Amino acid sequence: MTPGQRRVIFLVAMAGLAAFVIWGITGLPGFGRYPGPYGPAILKVAEGQTNATGIVSAVNFEYRGIDTVGEEFILFTAVVGMTVVLRKLRGERQRPAIEEARERAQPAGGTGVRAAALAFTGPAALIGWWLATHAQTNPSGGFQGGVVLATAFLLVYLGGEFLTFRRLSPVDITDAAEAIGAGGFAAVGVTAIAAGLPYMDNYLPLGKVPGAVSSAGTIALISFLVGIGVAAAFVQIAGELLEQTMLVREGGG
Amino acid sequence: MTYFPYLVAAWILACGLYGLVTNRDLIHQIICLIVVQSSTYVMLLATGYVTGGIAPYFSDVPGSPKAVDPVVQALALTDVVVEAAVTALLASFAIQAHKRFGTLDPQDLAEFKG
């Protein structure tokens with residue numbers, strides 16, 4: 001098929017899709033007239049039931065907690081899948097980073113990049129940690145916090161070198177952290193069953209003041225665990241991709 | 001009644017699909033898939049918007065004021081995480097395809113079977 005033919009077929013298909021989408025959109029309530037019922041119902045009860053003032057986190061880690069376990073495991077599975085797909089193939093060799101580095105000249109300059117990376121590493125780690133531990137009160141949560149936390153590790157690579165990145169995030173530790181994050185989340189849910197409560201029930205003390213960092217029981221705990229798991233997952237994704245460009249070479253055994 | 005934000009989502013979807021069909025590079029196609037998925041964020045957030053509603057965070061807001069729907073916002077978050085996972089996995093497939101066949105053009109890749 002030539003690109004021209006492909007485009008013609010695509011445009012015909014798009015015309016059909018557009019008709020359906022516009023038909024569907026005109027059947028929706030207008031913008032700003034969301035009719036509910038779930039959102040308003042949760043908004044009414046969430047703060048009283050959980051002592052969380054961040055209602056999105058309350059939805060994610062409490063009302064839809066069981067979905068979020070699935071989400072966490074999607075990420076986990078993707079990282080496992082990636083590790084399998086990027087395994088050492090036949091006809092490839094992978095040597096320790098130190099040997100690969102010996103043959104390569106240090107790239108010149110880049111002081112600005114180094115300085116910027118160094119300046120941002122601390123704040124990135126701090127903000128990531130803060131986001132992961134404040135899901136119950138602020139627009140934040142484990143997923144966002146984990147990604148920002150992983151950025152701190154990437155900045156180390158950007159400002160330093162792959163060896164430093166690997167020394168800071170050994171595969172054993174990121175593996176363990178990812179397992180603690182995903183497994184811990186599922187375990188919080190199962191613990192509730194063991195105590196005779198529904199799965200993912202909020203069985204920890206909710207605290208006295210809504211919006212306090214120590215409030216909201218399992219919401220805060222799950223968010224923290226998710227933060228650890230997500231940070232480890234993204235560090236691992238970055239590590240896998242960097243390994244491909246830095247260490248895996250053709251030829252040899 | 002206004003439907004404009006929904007049409008924006010539809011337009012982003014169309015742009016992404018056009019890119020998917022016309023691009024001849026796996027990495028570009030992965031990026032187009034991200035664009036397609038971005039349309040769902042706009043759609044979700046637009047659906048849950050309530051005129052005059054505040055963000056569903058009540059740390060410094062007393063009482064229970066009118067707020068936008070937190071459920072679709074939570075769904076958008078799930079959406080972002082899944083997209084990141086899918087992108088990482090697709091990128092690793094692209095790396096292996098390039099290593100094996102020396103090309104990222106899906107048209108050429110179709111010629112190598114197995």
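1. Between chain A and chain B there are zero salt bridges (a Lys or Arg side-chain nitrogen within 4 Å of an Asp or Glu carboxyl oxygen). Seven residue pairs, both at pLDDT 80 or more, are in polar contact across the two chains (N or O atoms within 3.5 Å, one able to donate a hydrogen and the other to accept it; residues adjacent in sequence count only if both atoms are side-chain atoms).

2. On the side of chain A that touches chain B, α1(A) gives the most, with ten residues. By class, this side of chain A has 31 nonpolar, 14 polar and eight charged residues, with Gly counted as polar.

3. A word on the basis: this is a predicted model, with local features needing pLDDT of at least 70 and side-chain atom pairs pLDDT 80 or more, while totals for chains, interfaces and linings use all residues. Residues are numbered from 1 along each chain, chains are lettered from A and ligands numbered from 1 as written, and side-chain values use heavy atoms, without hydrogens or water.

4. Chain A and chain B bury about 4,500 Å² between them, 72% of it on carbon and sulfur atoms (accessible area lost on being put together, 1.4 Å probe, summed over both). Chain A brings 53 residues to the contact and chain B 47 residues (heavy atoms within 4.5 Å).

5. Within chain A, helix α6 (residues 111-133) packs on α10(A) at about 145°, the axes 7 Å apart (lines fitted to C-alpha atoms over the stretch in contact, angles from 0 to 180 degrees between N-to-C directions). Trp129(A) of α6(A) and Phe224(A) of α10(A) are among the residues making this contact.

Terms used: Buried area is the accessible area (1.4 Å probe) that two parts lose on being put together, summed over both. Helices (H or I, at least four residues) and strands (E, at least two) are DSSP runs, numbered from the N terminus.
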